[in-house]
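Please look over the model below before reading on. The notes take its sheet and its helix packing in turn.

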Amino acid sequence: MTIIISRTDAIGDVVLTLPLAGIIKSNFPECKILFLGKTYTQPVIALSKYVNGFINYDDFIKLNEKDRADFLRSFNATDILHVFPRKEIAYAAKKAGIKNRTGTSHRLYHWFTCNKLISFSRKNSDLHEAQLNCMLLKSLQLKVDYSKAELISFYGMNCSYSLPQQVTDLLNSNKLNVIIHPRSHGSAREWGLSNYKDLIYMLHAAGVNCLITGSPVEQEELKEWMKTLPEGVNDLTGKLQLKELIALLNVADGIVAGSTGPLHIAAALGKNTLGFYPPIRPMHAGRWAPLGLKAGYVTFDKDCNDCKKNPEGCTCIKNISTKHAAELILKWKK
């Protein structure tokens, strides 16, 4: 029995899909689980002990229609779960002769490509994203109604990535080492740089070792802002590959961020998290909060309908108290 879990979107989405592998393995210990995802998510997928192999979507998509089917056929899969629906994968899986093809009934092309249709809608659901993913397990005749607390045990995360010595040297064993990840590449509503700046000043004054992370693009965007921060704050923006960032998340005491991939990785690794969330559906914490033994988040308790009309900014999320955020983080002290 070889099962393909197909999720080809962002890192946070992938993290919240990994519990499926653990659930399947707990029911079918001898099965082989392959994860179909994008190249840049592979280091995250590799963290789960329940995933046996990786199928690269970026290799798949370069092929013509016939070769795509041959490509999928080469993995000898018996089942495929279309967690993130993509038409080209659905058609290739059918042509490849994968016996059991599971997808949501809300995609018209799944009626022609899948032989196991599961009826559920993500858009207006009150369930968490990780819980919604479990709905597809119905085709394997498995339990689907897991609590968020139950799902945490199915991550199977184990980090063996190494941290560059120059980054290790920035950590202070006598202080709380906190990662601040202020931007999100537009994938989430943001708390705002002024709030992060105020928070960093509070944490720095309390003796916290702050490490700022971000992509190379964000490094350029944050260049001037970094100059306004206290001396001694560590700027790691644009300096870490994904494996190195994961290694840092694994050894730091926690992370502060919006609803981003690093926040979800840290939560899955069992680290402290403080995520900032707007009350807007469907991007609210009820749907996208980090899941982990030490995962936490804050949101502004207000009807946020007005902010739906303003994609460039959300006054609700920006009104989350910096003082309250600092108090929550300082409770992480060893």
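Here are the numbered points.

1. This is a predicted model: local features need pLDDT of at least 70, side-chain atom pairs count only at pLDDT 80 or more, and totals for chains, interfaces and linings use all residues. Residues are numbered from 1 along each chain as its sequence is written, and side-chain values use heavy atoms, leaving out hydrogens and water.

2. Start with the sheet. Six strands form an open sheet in the order β3-β2-β1-β4-β5-β6, with parallel pairing. Strands (E, at least two residues) and helices (H or I, at least four) are DSSP runs, numbered from the N terminus. Two strands pair if DSSP finds at least two bridges between them. β3 (53-56) and β6 (116-118) are the edge strands, each pairing on one side only. On average, neighbouring strands are turned by 20 degrees against each other, direction ignored.

3. Now one pair. β1 (residues 2-6) and β4 (residues 79-82) are joined in the parallel sense by four bridges. Ser-6 has His-82 in β4 as its bridge partner. Helix α2 (residues 19-27) packs on the sheet and touches β1, β2 (32-37) and β4. Its direction makes about 160 degrees with that of β1. Axes are lines fitted to C-alpha atoms, for helices over the stretch in contact, and angles run from 0 to 180 degrees between N-to-C directions.

4. Next, two helices. The axes of α5 (residues 65-73) and α6 (residues 87-95) come within 8 Å and cross at roughly 65 degrees. The two are therefore roughly perpendicular (65 to 115 degrees).

5. Which residues of α5 meet α6? They are Glu-65, Arg-68, Ala-69, Leu-72 and Arg-73. Their partners in α6 are Glu-88, Ile-89, Ala-92, Ala-93 and Lys-95. Contact means heavy atoms within 4.5 Å.

Key: Angles under 35 degrees count as roughly parallel, over 145 as roughly antiparallel, 65 to 115 as roughly perpendicular and the rest as oblique.
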